[in-house]
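Here's a quick tour for anyone meeting this structure for the first time. Have a look at it first, then read on.

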There are 2 protein chains.
Amino acid sequence: MSKYWSDLVHRLTPYVPGEQPKLSRLIKLNTNENPYPPSPAVIEALQLELGDGLRLYPDPNSDRLKGAIAGLFGLDSSQVFVGNGSDEVLAHAFQALLKHDRPILFPDITYSFYPVYCGLYDIDYRTVPLDEDMAIRVGDYRAPNGGIVLPNPNAPTGRLLGLDAIGQLLAAHPDSVVAIDEAYIDFGGESAVALIDRHPNLLVIQTLSKSRSLAGLRVGYALAQPHLIEALERVKGSFNSYPLDRLAAAGATAALQDRAYFEQTRNKVMDTREWLREALEQRGFQVIPSAANFLFARHPRHDAAELARFLRDRHIVVRHFRLPRIEQYLRITVGRDDECRALVDALDQL
Amino acid sequence: MSKYWSDLVHRLTPYVPGEQPKLSRLIKLNTNENPYPPSPAVIEALQLELGDGLRLYPDPNSDRLKGAIAGLFGLDSSQVFVGNGSDEVLAHAFQALLKHDRPILFPDITYSFYPVYCGLYDIDYRTVPLDEDMAIRVGDYRAPNGGIVLPNPNAPTGRLLGLDAIGQLLAAHPDSVVAIDEAYIDFGGESAVALIDRHPNLLVIQTLSKSRSLAGLRVGYALAQPHLIEALERVKGSFNSYPLDRLAAAGATAALQDRAYFEQTRNKVMDTREWLREALEQRGFQVIPSAANFLFARHPRHDAAELARFLRDRHIVVRHFRLPRIEQYLRITVGRDDECRALVDALDQL
């Protein structure tokens, strides 16, 4: 507390990211990182940037990266916005497109940064409960609203909505921006990008942190019709001219261009996820169907906090949220085969 | 314009950064980049980070970098905030520490991003005119205010305020945060960091973009007593958990640790600046005394816009601001000796 703080600062409750333990030799299944390294093409592209050029500002518009993203999705560059991780892209979207007179809507169980952004930008919100199967029912989003935001697949449940449901939501709220946060879409879902042409109110947000193995590089992007992108550009241009450094832009471009590596690693993650799901179910866990690179699971006879502690003592870190409705669940990132095997072996010692 | 935009977006006038021309072979004296490459230690540190680790999130608190900065200035890490370039640090400072009921004050001729931040966060401001010598007179900052922000040396004039004047300003406004933006301090000024212990209202902001030759890496920081740093951390933690990627943090740490290279390159820039100042004065230019890595100059017989165009035709880019009071000035970045020589040779063809 300090008299120098703005009123806002007194009210803020910042987001708490998953632990980034500084110990090595931990099996880290707590922050949904990809267990496989980035494409070798990324490392090559970064090598080429390590030199005198670092003394110069980056391209403030990241045109080359935008071109690569546009090419990947068959869009025009005017339909692409890039930022310093999808968290920054989301922040700008809340300020530029989700702040109106009416409250915005998002699920009661979802990415816990959403209410934090609302606090930062003084946006009113209402949460809409997941159903008893922890699924989003788009028919429950009926209230007049200033916007809707939801992850697909949802986090931390991993449950996927089909494009039909998303299309219904878009059609039911033509005057609101519907932001679909697709951080995990590449692990089994179908992107809503296909709906952009038909829906002027659709904003799709993706990241290179998960399926492209680049959490350490901080690159995210949004896709939409140009009038929504322009709103994000205006806020970005009033906040930070150069959010993407030269290395991040170069590495991200190379990652998006190496489609073979992307297919190979995401398929491996999906295969391991199915193996792990079966192994957990065989051990009595209830596992929510996941289209993400994590599983959300509970055990009817073991307290989740105790389970998390038990695993931690065995150098395995998973994520436990002390939040209503999900305090008996663990979110377990899908690691390499040997990491998931070690998790299962540890559980067998229970 | 779009019905989906928040009210704010309709009102925004984004900052316009200096051109980043995509042509090579230009002599680029328009965005105050350092003409010398980053320290070889930076490249080595970056090499070490190019690998599997990029799949993992960075340390959200950038502890190692904060430690390096704290060590450099004899501060504690709790007195250090880091961000994605000093523009992001400034943005957070405006929202966290400069938004109060009263208007904030800054010079009429100064970094043109300040009014843009005010627009983004709905902060009222008053400008205080520079005197007839284009100098800041701290005695002119008398109005009751919600904060004061100024660059030292000022941009785009290059003029330096001494620590006595800054101390007077801090003492005269004990209830306001006084933010000193020291982007250019290493080219001949004395940092206000020395005043932090005595003044709970002082926020010092620096960048690695200029004196550390790392504009391409996007790293800035703020230094202050812990209660001011905490306000910045709260906003940052509500906006983006990981603003510094792994490469930026590693490169910045190495740059700050190589003091010998820093001394050598900043001395070279200062030597070249003095040579260029004399050369310009010999050709009839009026040059404002500069403690930065640029000169702000006008010629009594040549229109500044025409001069800029004349130079551009000769592949030399300088910055010209079409703004009241300074429309007859050019801001010329101090380049390498050969670049400054080429500029002077071009002027001799006038």
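How many residues of domain 1 of chain A are in contact with domain 2 of chain A? In this predicted model, 29 residues of domain 1 touch 25 residues of domain 2 in chain A.

**Inside chain A**

- The side of domain 1 of chain A that touches domain 2 draws at least two residues each from α9 (259-282) and β10 (294-298).
- As for the bounds, the domain assignment gives chain A a domain 1 made of 7-36 + 260-348 and a domain 2 covering 40-258.
- Going by C-alpha atoms, the centres of these two domains of chain A are 23 Å apart.

**Where the chains meet**

- Chain B has 70 residues in contact with 70 residues of chain A.
- On the chain B side, α1 (7-11), α2 (40-49), α4 (86-97), α5 (114-121), α7 (226-237) and α8 (246-257) each bring at least two residues.
- That side of chain B counts 36 nonpolar, 21 polar and 13 charged residues.
- The copies meet through the same surface, because 100% of the interface residues of chain B are also interface residues in chain A.

**How the copies are related**

**The nonpolar core**

- The largest nonpolar core has 237 residues, and Ala93(A), Ala222(A), Ala93(B) and Ala222(B) touch the most other members.
- Beyond its neighbours within four places in sequence, Ala222(B) has contacts including Phe81(B), Val89(B), Ala93(B) and Leu232(B).

Conventions:
Residues are numbered from 1 along each chain as its sequence is written. Chains are lettered from A and ligands numbered from 1 in the order in which they are written. This is a predicted model: local features need pLDDT of at least 70, side-chain atom pairs count only at pLDDT 80 or more; totals for chains, interfaces and linings use all residues. Two residues are in contact if their C-beta atoms, placed from the backbone, lie within 7 Å. Helices (H or I, at least four residues) and strands (E, at least two) are DSSP runs, numbered from the N terminus. Ala, Val, Leu, Ile, Met, Phe, Trp, Tyr, Cys and Pro count as nonpolar, Asp, Glu, Lys and Arg as charged, and the others, Gly among them, as polar. A nonpolar core is a set of buried Ala, Val, Leu, Ile, Met, Phe, Trp, Tyr and Cys residues joined through C-beta atoms within 7 Å. A residue is buried if 20 or more other C-beta atoms lie within 10 Å of its own, exposed if 12 or fewer, and partly exposed in between; C-beta atoms are placed from the backbone. Domain bounds come from an automatic or database domain assignment.
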